[in-house]
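Student: Could you show me how to read a residue in its fold, going from the local setting out to the whole chain?

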Amino acid sequence: MNNKQYGLLSLPVIVAALGFFVDIFDLLLFGVVRKPSLRELGLSEDAILTKGEFVVSIQLIGMVVGGVLWGIIGDKFGRLKVLFGSILLYSVANIANGFVQDVNTYMIIRFIAGVGLAGELGAGITLTSEILPKEKRGLAGTIIATCGVLGGISAALLSKLITDWRILYFIGGAMGLLLLLLRISVAESSMYASMEKSNVQRGNFFQFFTKKERFYRYAKGMLIGMPVWYSIGILILFADKFASEMHIAGVTAANAILFQYIGLGFGDVCAGLISHTLKSRKKALYIFYGVFAIFMVLFFMQNSSSPAWFYFICAGLGFGCGISVLYITTSAEQFGTNLRASAATSITNNVRGFTPLLLLLFQAIRNITGYITGAWMIGIGVMLISFTALYYTKESFGKDLDFVEE
């Protein structure tokens, strides 16, 4: 099948976009319902913060495990196997979350959901990158990213309309199961199908570590995405705590997520268009690093400001983080067809998996420096590491992806 038959609004792109919508909706559900769900399960207010951080970490560890698992499946057995299997697993897990009665069961199911959630974005980006003309790959990523952002916004808005957190989990699971029906009509990538007929080794995760140059490509792909999950996993998910430390009353995590994802929506659109206009992934990433750094400084300069200003800064952080799909597309473009799904899927989730490490580091530092100081110290470190990794990453805009890793 000729890849040029596919356009930006073809069924595979639409299905990948809707998949990312459901993925982000389900991924952020715990952040939205953290307080009411843990409160109903009998935790004190202090325990809600510490247990909340732990549950977030458990879910993200599940995503790291899933990122490796689904990446190997995607390269060994096809991109579509991942798109079906991952969404089925996390949809069933979310429905199960609606029935939990204790915190330990909650954590176990969030781990399983994390494993399922890990496959969606990487497989979708890999598939669309391989079936579209090289000039349109970035624009397809923009469409996918925008739908993902709408998933985050929908989760936050529904939490205001539906006060029962269990019903929100049921809705997330049901949307995923409905999406499976659309996926039946999606065809496998012809690039992958052609490679599958050869004797080339596929989906060997250890190949990332057998050559120094390939390992550096892999590591840099992870490091350039760190600001996104530093922002989401620390600044936004615990926005209510930061606001309290800054003497700002009335801030909720659900509202912070809502405004950040509104900003993300505009950021993802602009990042894709800027990358397409400049014919460069790296230049667009540099621009958005700069925007994020400005709003990070503004975030930590707050003291007794208004909730409206706090939420505006959350939206600005979201805009600066509008590189989520752009950096994953960049990472996918760095690797051959026999390792592309493994790279895109595991890099995506390893970046998310940095969050538990950042949270542990944050907990250690804040005990010495205080909550606010500890957070901005980590933020500076994250930006320096990511900027350096991007500097040494090769430009991949318009790169021919029909090659394999030896």
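Tutor: Arginine 217 lies in helix α9, residues 212–223, where helices are DSSP runs of H or I with at least four residues, strands are runs of E with at least two, and both are numbered from the N terminus. The model is predicted, so local features need pLDDT of at least 70 and side-chain atom pairs count only at pLDDT 80 or more, while totals for chains, interfaces and linings use all residues. Residues are numbered from 1 along each chain as its sequence is written, and side-chain values use heavy atoms, with hydrogens and water left out.

Student: Is arginine 217 buried or exposed?

Tutor: Buried means under 20% relative accessible area, exposed over 50%, and partly exposed in between, with a 1.4 Å probe and protein chains only. Arginine 217 counts as buried because its relative accessibility is 14%.

Student: Which residues is arginine 217 in contact with, leaving aside its neighbours within four places in sequence?

Tutor: Contact means heavy atoms within 4.5 Å, and with those neighbours left aside arginine 217 touches Gln334, Phe335 and Glu405. The side chains of arginine 217 and glutamate 405 are also joined by a polar contact of 2.9 Å.

Student: How many helices and strands does the protein have?

Tutor: The protein has 17 helices and zero strands. Its radius of gyration is 20 Å, close to the 22 Å that the globule rule gives for 406 residues, so the protein is as compact as a globular protein of that length. Of those 406 residues, 62% count as buried.

Key
Rg over C-alpha atoms; globule rule 2.2 N^0.38 Å. Polar contact = N/O pair within 3.5 Å; in protein donor to acceptor, adjacent residues only side chain to side chain.
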